[in-house]
Amino acid sequence: MNLFIERHPFISPEKLFLSLKDRDYFIWLDTGLKNIENRYSVIAFEPFLIFKSKRNRISIQTVDGVKRYSGNPLEYLDELLKRYSIPYNKNFFSPGAFGYFSYDLGWQIEKLPDIAVDDINIPDICLGFYDTVLMIDHRERCLYLISAGIDRAAFNEKRRLIRKIATSLIPSENSPVHIDKISFNISYKKYIKAIEKIKDYIARGDVYQINFAQRLEAEGIFPADTIYRKIRKVNPTSFSGYFNAGDFCLLSNSPELFIKKEGETVITKPMKGTRPRGKNRKEDEEYRRELLHSEKDKAELLMIVDMERNDLGKVCEYGSVRVKKLRQIERYRTVLQATSLIEGKMRDGLGFVDLLKAVFPGGSITGAPKVRAMEIIEELEPHKRTFYTGSMGYVGFNGNVELNITIRTILLKENKLYYPVGGGIVWDSIPEAEYEETLTKAKALFLTLGEDRISTTFGVR
């Protein structure tokens, strides 16, 4: 398979976004925090193949039309990834499959009850297979055009497009956002009652921890490009992304890495424990110390670390799984977060689908033990999570992988906006405080929409 790599002068990802966002299945994996670990952003559009699945119903679309199948979608996906594999190369990003995996894909991995209502109705998997990607190197201030499996004429066409964008002027005005109605899908009283039920399950020994979420919903006019550009300025994060999936858009403002695989090394970075940012440096430091010394938050994270170590151990070499960083506090524009870093080495002969089956969905957004936690989530949350707490990102034809966890993520479909927020519940959780934490996590969205008086909006206090 031909692999073309060409270096070009730097073009800001924002300019590329404005130029290309309306192209079919445009996706931007966006490094909002540009540091040593996060030096690249990547953009792709106009895939040569689109893979979608809903439970055991699968569709594969190419220029020849749509073919439909019935079966385990992960088996079909594994076959496709093997078909388009290319040799490992020095660039982390290569042509590959970009898109998302819904939380509800978990029903294809585990036997789980089917109780909650699927009112959004989007695919469990939606991936575009792209033969060309644009990789932006923020450290070296350059752009790489990377293509595989296309001829020289097609590559030259992509080159001409990049040069045209580089010399063009792109209007950057924001379209107006208009909100007609805004609410949560769970009332305050029902939320408190659900937390109390979770604590009963914990007292009985069913689980140690549950991640419980409610969903903010709005109706109105929500231009996807405007909202995404605003939220990435309000709250820059390391694993953001924008995906135009045809009849809906996914706008992720996630700070959490789920899995990253480079060569045979795989890491996961669970996140547990949240505090708001302070109004000044002194208050900010007080919140940081409070989170750092909180026994409740520390216990939550350690439980998830143990579970993630076990999950990685299913596909990694014996003795290779290590906790590289047990607990550190990360600062974002609106919140402080506690994270850990776990690393392992994949066993020979295992690929991406083996890894996904072992670790999906991420333990930080289910609870422990995972399967029982997912059963309780299905019982107590009124609607299917769909995109929320799934993963968005990249599965390279070269074997590399980077997926976030789709928290702090917006789904726009028709005239509706969906934005779930949740938190970890343990035995000593205070229901009212857990509710307030969900509002803290929603702050970035409210600032984006022009509403920062969260408590007043919902009449909680």
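Which residue's side chain meets that of R232 in a salt bridge? I looked this up in the predicted model. The partner is D30, at 2.7 Å from N to O. R232 sits in helix α5 (residues 224–234) and D30 in strand β2, so the pair ties together parts that are 202 residues apart in sequence.

I checked burial next. Both R232 and D30 are buried. For D30 I noted a relative accessible area of 1%.

I then listed the surroundings of D30. Its side chain also makes a polar contact with the side chain of Y228, at 2.7 Å. Leaving aside neighbours within four places in sequence, D30 is in contact with residues including S41, T237, F239 and G241.

I went on to other salt bridges. The count comes to 34. D118 forms one with K54, the closest N and O atoms being 2.7 Å apart. D118 lies in the loop between β7 (96–101) and β8 (125–130) and K54 in strand β4 (residues 49–54), so this pair joins parts 64 residues apart in sequence. D118 is partly exposed at 29% relative accessible area, whereas K54 is buried at 15%.

I also looked at D78 and K82, whose side chains meet at 3.2 Å, N to O. They are four residues apart in helix α2 (residues 73–83), about one helical turn. D78 is partly exposed at 22%; K82 counts as exposed at 58%. Elsewhere, shared partners join R7, R39, D137 and E140 into one salt-bridge network.

Last, I turned to the surface. L302, V323 and L326 form a nonpolar patch there, with about 210 Å² of accessible area together. V323 belongs to strand β18 (residues 322–331) and is partly exposed at 31%.

Note on methods:
Residues are numbered from 1 along each chain as its sequence is written. This is a predicted model: local features need pLDDT of at least 70, side-chain atom pairs count only at pLDDT 80 or more; totals for chains, interfaces and linings use all residues. Side-chain values use heavy atoms; hydrogens and water are left out. Patches are made of residues with over 30% relative accessible area and no salt bridge: like charges are joined within 9 Å, nonpolar side chains (Val, Leu, Ile, Met, Phe, Trp, Tyr) within 5 Å. Accessible areas come from the Shrake-Rupley method with a 1.4 Å probe; for residues, only the protein chains shown count as cover. A salt bridge is a side-chain nitrogen of Lys or Arg within 4 Å of a carboxyl oxygen of Asp or Glu. Helices (H or I, at least four residues) and strands (E, at least two) are DSSP runs, numbered from the N terminus. Buried means under 20% relative accessible area, exposed over 50%, partly exposed in between (1.4 Å probe, protein chains only). A polar contact is a pair of N or O atoms within 3.5 Å; within protein, one must be able to donate a hydrogen and the other to accept it, and residues adjacent in sequence count only if both atoms are side-chain atoms. Contact means heavy atoms within 4.5 Å.
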